[in-house]
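Student: I am new to this structure. Could you take me through a single part of it closely, and then show me what lies around that part?

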Amino acid sequence: TPALRRAACAAEFAVNRPLAPDLYLGTVPVTRAPGGGLRLGGDGEAVDWLVAMRRFDQSVQFDRMAERDALPLELMRPLADRIAEVHGAAAIRPEFGGVAGLRKAIDITIENLRLAVGHGLAREPVEEWCARAPADLARQSPLLERRRTEGHVRACHGDLHLQNICLFEGRPTLFDAIEFDPELSTTDLLYDLAFLLMDLHHRGLERHASLVFNRYLDRRDEADGLAALPLFLSTRAAIRAQVRAAAARHHHEPGGIEALLDEARSYLDLALELLAPPPARLVAIGGLSGTGKSTLAQALAPALDSVPGARILRTDMLRKRAAGIAPETPLPASAYTPTHHAETYRRLLDETRICLAAGRAVIADGVFARQSERVALGDVARDLGVRFDGLWLTAPMETLERRVAARTDDASDAGVEVLRAQAGWIEPPLGWRVIDAAGDPDAVAARARAAMDA
């Protein structure tokens, strides 16, 4: 009815306007004109209601950019920043989410996957997921409930995949959030993010997924929920599998049916793979400023863990997050006292322990000038029984000075004078593998991988 349509449009506008205020303009009635025709607006009888939006170029929807291999890595940082901003402003809703919310999503997915058995999906992988997902949910129940009661369940986007993100006026813009069922969109923040991370990985964009994941966690402290991330990712993939299988049952062109079923099977394979992540491990990357520690960490992260890659814990990022500022905002010299330095490394050890205990691989990125700092990090790995690799990057001082002087828009505040001071109090990196970092970043990454495989 027109009244229900008006309410539906108003709900869509209310949910999406905060996400994309430049896209969503309002609600508009379709009215009966005096001559019997229809028109937008006016004072006549409202026979329907619409959401008014600004038109945008659909070629810059992120899914379409990804399909033509034209989704820039450079957009992942502002995208993660925007998601973190939206999540930070979202209303806390502990009446939804938690174990009950995820159980409902899994139960519906199980029902729909079983409907697809014999219609494109094989029984064995379907039943394997239908057994493993609820078992994993039971294991994660205390964590999910704790996060629900502590404010990590919020009124989220709910459908955060690449098709619902566009580049509008040069900025990644989220749109088309779920408005028709608050229970579907009110979820754990990491479950909301998981849809995007899974979508990027499924499209072969592992580096993109790693960048979004790490930037988001650099902006929001959600590390305590990482143990549930494999289940979140797997559930998102399984939902996509059952949606594609259902679409195939209602498709009429043989070629289109098979394409949909191929997608459904690939999503189901991914859903199973995500429930069995590799063992946690710790890689530390140290060295003077300008040696390319962060560049190497970003190169290694996608391959060190399952989706979305290793958690990169960079001391520069931890320092800025603790100060409550954006990573690229400079801190004053007073923020770099020995006390602040010790606190940053204590925070690094604490968060490393949390992430490793959650089953994730970690890359610790810092100068690690003191042998005691390196030993303390290795002790965390030993205490948790995970593999540890320490990498020490070196390059000629003139190379380092040139790199540091050329930095822009970076989380590190170290200039050339700081670099020279570092060189005077670096202690020898005992027990860490020394990597020549003077050359091309790809070559440095290759040397680092070879050293870890040796």
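Tutor: Start with Arg147. In this predicted model, Arg147 has 0% relative accessibility, so the residue counts as buried. The cut-off for buried is under 20%. Arg147 belongs to helix α5, which covers residues 123–149. What does the side chain of Arg147 join in a polar contact? The partner is the side chain of Asp224, at 2.9 Å.

Next, the nonpolar cores. The largest has 93 residues. Leu71 and Trp129 have the most contacts inside this core. Helix α7, residues 189–202, gives the largest share, with 10 residues. Beyond four places in sequence, Leu71 touches Phe62, Met65, Ala66, Met76, Leu162, Leu200, Leu205 and His208. Another core of 20 residues lies apart from the largest one. Ile285, Ala297, Ala445 and Ala448 are among its members.

Ile285 leads on to a sheet. Ile285 stands opposite Asp365 in β10. Strand β8 (residues 281–286) pairs with β10 (residues 362–365) in the parallel sense, over four bridges. Both strands sit in an open sheet of five, in the order β9-β10-β8-β11-β12, with parallel pairing. Which strands stand at the edges? They are β9 (311–314) and β12 (433–436). Each has a single partner strand, so one side of each is left without a neighbour in the sheet. On average, neighbouring strands here are turned by 25° against each other, direction ignored.

Helices pack on this sheet too. Helix α12, residues 315–323, touches β9 and β10. The direction of α12 makes about 75° with that of β9. Helix α13, residues 338–357, touches β8, β9 and β10. For α13 the angle with β9 is about 175°.

Finish with the pairings of strand β1. Strand β1 (residues 24–32) runs antiparallel to β3 (residues 46–53), with seven bridges between them. Val28 stands opposite Leu50 in β3. Strand β1 also pairs antiparallel with β2 (residues 38–40), through three bridges. There, Val30 has Leu40 as its bridge partner. The hairpin of β1 and β2 has five residues between the strands, and Gly36 in this hairpin takes a positive phi near 105°.

Technical notes: Residues numbered from 1 in each chain as written. Predicted model: local features only at pLDDT ≥ 70, side-chain atom pairs only at ≥ 80, totals over all residues. Heavy atoms only, no water. Core = buried A, V, L, I, M, F, W, Y, C linked by side-chain atoms within 4.5 Å. Buried < 20%, exposed > 50% of the residue type's maximum accessible area, 1.4 Å probe, protein only. Helix = DSSP H or I, 4+ residues; strand = E, 2+ residues; numbered from the N terminus. Contact = heavy atoms within 4.5 Å. Polar contact = N/O pair within 3.5 Å; in protein donor to acceptor, adjacent residues only side chain to side chain. Pairing = 2+ DSSP bridges. Axes fitted to C-alpha atoms, helices over the stretch in contact; angles between N-to-C directions.
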